[in-house]
Amino acid sequence: MKKFICMLLAMAFLASGAASCASEGFSVAAKGAVLIDAASGRVLFGQNENARYPMASTTKIMTALLALENCALDEEVTASENANGVPGTSIYLGVGETLTMEQMLYGLLLRSGNDAAVAIAEHVSGSVADFAALMNKRAVELDADAHYENPHGLDADGHEASALALARIFRQAMQNEDFRRITGTKQTTIPWIGNEFSRVLTNKNRLLTTYEGATGGKTGYTSDAGRCLVFSAKREGMELIGVVLSCPSWFEEAERMLDYGFENYHLKTPLVSGQTACETAVWDGMAGTVAAVAETDLCAAVGNGETWRVEYDFPGGVHAPVAAGQAIGTATLYVENAPVAETKLLAAQSVERRDLASALKRLLTRWALLFQS
């Protein structure tokens, strides 16, 4: 269908010279790495970001996301023998021990409990194998190049992901307020059934303590994967998400990547939710135009010196009748001529169709008002 362009917003900042934020020359000591803008998902820095590597316990981001998408926080989760017997990092669940899903998630994301991962997987899907299938299905939905064999990340053939895939999965998870709250918790206490003491869980992501604005993340380590880290931080309204895979100096490199992002990029928000973007013509309407408002914020990280613009697009034009709140077009933010973010444009008011029935209705309404006066 032929596109009808309402207008091209000539708001681009045309800075002199090439963009100063170009990542040429910047690298990190990791096999795979990526830094993205949380608002739009735009890649700001990449290093083998599309290559798959073992991901260790960063696996548990997907485990937590699926738990939150399929369960309530107060659901009771009971540990089976399978959960009790899983090797590696543990919160020492006893067979038959029951915790709420929220408490299991704290054990999963802060302590990185492999037993909590299995208990959650069996609760959601009935078995680890079925849960892994659900993980892989969700990865496809998120356009994330990841393959899961288990919910915890212990080494297994084919269990691997790209840095970009993990960034996209974490970006989705951070849109869930419960996930954001849990991953950003430095320390908490949960019950330890049958034990004199409670479990004190300390987050393994030390960036929460050492890096200003850190908002969350997940550590991981196995002999095959090496040190892996997914991390995020927010400053002056801009949140960045990063990933390093097989990275010996994981926290140091994460800080370097975040510093790079905050020094070279800033958040640009041409439109906020509910803001009038423009007016567009209405075909066959009782009114000739209708105001178009942004459904959500239109924003993305823009590099120092990069050019940007917004395009408003109303495919096929807008035809009456139009209902207030109806989606009538899109607004797209372009940076360096590449689309990076989009929001729907909604009609700010209703517009009746111009026909004989509408004209008679308006005439009768006016007559009625006249006689009432």
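Before the close-ups, some wording: helices (H or I, at least four residues) and strands (E, at least two) are DSSP runs, numbered from the N terminus. Residues are numbered from 1 along each chain as its sequence is written.

**View 1. Helix α1 packs against helix α4.** Here α1 (residues 60-70) meets α4 (residues 114-125) at an angle of about 35°, with the axes 10 Å apart. Axes are lines fitted to C-alpha atoms, for helices over the stretch in contact, and angles run from 0 to 180 degrees between N-to-C directions. The crossing is left-handed, as the near helix is turned anticlockwise from the far one by less than a right angle. On the α1 side, look for Lys 60, Thr 63, Ala 67 and Asn 70; their partners in α4 are Asn 114, Ala 117, Ile 120 and Val 124. Contact means heavy atoms within 4.5 Å.

**View 2. Helix α1 also packs against helix α6.** The axes of α1 and α6 (residues 163-173) come within 10 Å and cross at roughly 30°. This crossing is left-handed. Ile 61, Met 62, Leu 65 and Glu 69 of α1 touch Ile 169, Phe 170, Gln 172 and Ala 173 of α6.

View 3. Lys 60 sits in helix α1.

View 4. Most residues other than glycine have a negative phi, and most peptide bonds are trans. Ala 56, though not a glycine, has a positive phi of about 50°, and belongs to the loop between β4 (52-53) and α1. The peptide bond from Ala 320 to Pro 321 is cis, with omega near 5°. Pro 321 is in the loop between β19 (318-319) and β20 (327-335).

**View 5. How confident is the prediction?** The chain's mean pLDDT (the predictor's confidence in each residue, from 0 to 100) is 92, and 89% of its residues reach 70 or more. Over residues 1-22, though, pLDDT is below 50, and this stretch has 52 contacts in the model beyond near neighbours in sequence. Where pLDDT is low, the predicted coordinates should not be read in detail.

Definitions and conventions: Predicted model: local features only at pLDDT ≥ 70, side-chain atom pairs only at ≥ 80, totals over all residues. Heavy atoms only, no water.
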